[in-house]
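User: I have a model open here and would like to talk it through with you. Could you take me around it?

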Amino acid sequence: MKIVIAEKPSVARELAKVFGATNKKAGYIEGKGYSFTWAFGHLLQLAPPQDYGFYGWKQQNLPMLPTKFKLAVRKIKTKDGIVEDPAVRKQLNVIKSLFDECTEIIVATDAGREGELIFRYIYYYLKCKKPFRRLWISSQTDQAIKEGFRNLKPGSDYDTLFNSAHCRSESDWLVGMNATQALSISAGNRAVLSLGRVQTPTLAMICSRYIETKNFVPEIFFQVAIQLQKEESFFRAISAKNYKTREEAETIMAKVLDAATGNEKGGLIASVDAKAKKEPPPLLHDLSSLQQEANKKKGYTADQTLGILQNLYESKLVTYPRTGSRYIGDDVFATVPDLISKFTDHPLFGKDATFLLNNKLNKRSVNAKKVTDHHAVLPTGEYAGHLSSDRQAVYDMVVGRMIEAFHQECIKETTKIIVSSGSDFVANGTVIQSAGWRSVFNDNDEEKKDEDNATLPKVIKGESLAITNKAVLEKQTKPKPLYTEATLLKALETCGKDIEDEELRYAMKESGLGTPATRASIIETLIKREYIGREKKNLVPSKKGLAVYDVVKNKKIAQAELTGQWEKRLEEIREGASVKDFKAEITDYTKNITQELLAAGTGLYNLLKEA
DNA sequence: GCAAGGTC
């Protein structure tokens, strides 16, 4: 008998289905000479400090550097404190007895670093010695699964991948546990002041933006606006320059040739520049883009959206939610027309779904190379029935985005008119000529509305128009807005782009800070620690958060670059580089940061005492 | 009491 172990039940079920295994047992499915079982993500975690004899939070324990890390069954919080998760223990027992019976293990955890770690931690914890081979697929279509099983890889091919995953895991423990205790102890052990490779740079981003915004001194500037008339329609043009003083602007306004100055038609059209602009449809959603949209449109937190989406996934209405890819492969694309056909009667999207069935689908979101562990979020096409309003809203975002993504380009005409009347004035206009994908939700770019005349009348270069009104506008420069969950998620994904070193930027390009599965919980952690709070949609640091930021802001642990450096080294390890060197560096760094923080928390001591 | 990672 062979055992196939997947990362989660849904994948094990899919694999069993393809094999025709149907005998459902407790914790696995049996049939055709195979048993298909599963984990629930990480079943095992690195044991906490007390398991190595580091009791209490004491300076003399620091730095805590276990010579050999231990694994412990995942814990949950109950009213009786933190206990082993009984469901996890039960599943481990199932896996153990299957491992004992089998002749071979087929590893079908997700095709990535953490998937490898999930399996290896189980394998080593159970002290299993059975041979294993690796299934490496990135979509769960029948075709991909069959192909994957024909091409099982030797388990040892992924030893270096495990090494890199193992280093990631232990390094996060070493830096996080030690830094957290060091800062908490030096601040008087009054509260948990957690620090970590991901949460601390995230806190730093929120704090530095907050401080920047608070210290922002707006600059006042002036513009001159004129209103022009072309036959029955009016439009507005704004001075091409901004002016520092009202006097300057008034001087410019005085030169405008309007009716009051005796000019019937004093606005000369100096140029008309019309361009067709093609806007491709947006990509399909990954978790992060969906969380951003749900935060913008409905005000849901990242955590709420993840919960709702998980719920839809468990109801088999959407595909796997914790994906970081916005693409699908050709195998999934082949199922899209059928999927779209399920929505031709949909009250919101039916018209566009029907349109798509009769037209060539846009393939912008189809790229097998950009599908990583999972593909983009799609509806499954199962009948949805009645959903609660929040589930309906998120489901509609998934369905609507699918319709958009395969739709045609939106074609706009943008027009820039320069009017000369004493000085130069500019009018911008945008007209949608063919809505394409924009017909799905029918909402337009929010950003530009302010400055743009939606439509401009047809004018020709050289003609003169009457100026019917003029005014000086007082404006001020605005600070960057505080982070909302939507903009923070975006920043976590792309913080690599702010990094100057090219190699580090490359190392972070694929990952950013945190992962799709963890970003919501990072925000929740910062809130739980009372480092930040929510004010309307904004994320605002507390006094405590700002004080912690002040202590760590110039240290490596507060920089996103730290993740970039690690990712670069972890990738080298995956390619075969020494694990020992990296571990030595991490140990050194742990010692340094621990010493620094033990000496740094005195200011925090007073702040926490007051509170 | 603590990290970051995965998932119900």
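User: Before that, what kind of model is it, and how is everything numbered?

Analyst: This is a predicted model, in which local features need pLDDT of at least 70 and side-chain atom pairs count only at pLDDT 80 or more, while totals for chains, interfaces and linings use all residues. Residues are numbered from 1 along each chain as its sequence is written, chains are lettered from A and ligands numbered from 1 in the order in which they are written, and side-chain values use heavy atoms, with hydrogens and water left out.

User: OK, what does chain A look like overall?

Analyst: Chain A has 20 helices and 19 strands, where helices (H or I, at least four residues) and strands (E, at least two) are DSSP runs numbered from the N terminus. Taken along the principal axes, its C-alpha atoms fill a box of roughly 100 × 65 × 45 Å. Among contacts (heavy atoms within 4.5 Å) between residues at least 6 apart in sequence, 77% join residues at least 24 apart.

User: And how much of chain A is buried?

Analyst: Buried residues make up 49% of the 611 residues in chain A; buried means under 20% relative accessible area, exposed over 50%, and partly exposed in between, with a 1.4 Å probe and protein chains only.

User: Which side chains make polar contacts with it?

Analyst: Taking a polar contact as a pair of N or O atoms within 3.5 Å, one example is glutamate 7, where a side-chain N or O atom is 2.8 Å from a sugar or linking oxygen of DNA strand B. The elements that give two or more residues to the surface near DNA strand B are strand 5 (44-46), helix 5 (159-186) and helix 9 (302-314), and the largest share, eight residues, comes from helix 5.

User: Switching topic: which residues of helix 4 are buried?

Analyst: In helix 4 (residues 142-150), the buried residues are Ala144, Ile145, Gly148 and Phe149. Seen down the helix axis, they fall within an arc of 130°, so they line one face of helix 4; the arc is that of the directions from the helix axis to the C-beta atoms. The face turned away from this buried side carries the exposed residues Gln143 and Arg150.

User: What covers that buried side?

Analyst: The cover of the buried residues of helix 4 includes strand 1 (2-6), helix 1 (9-19), strand 9 (104-108) and helix 10 (330-333). Seen from helix 1, the buried residues include Val11, Leu15 and Val18, and the buried residues of helix 1 pack against strand 1, strand 3 (28-31), strand 4 (34-38), strand 9, helix 4 and helix 9. Glycine 20, which follows helix 1, has a positive phi near 80°.

User: Where does threonine 323 sit, and is it buried or exposed?

Analyst: Threonine 323 is in the loop between helix 9 and helix 10, and it counts as buried because its relative accessibility is 1%. Its side chain reaches the backbone oxygen of histidine 375 at 3.0 Å, and, leaving aside neighbours within four places in sequence, its contacts include Asp286, Leu287, Val377 and Pro516.

Terms used: Polar contact = N/O pair within 3.5 Å; in protein donor to acceptor, adjacent residues only side chain to side chain.
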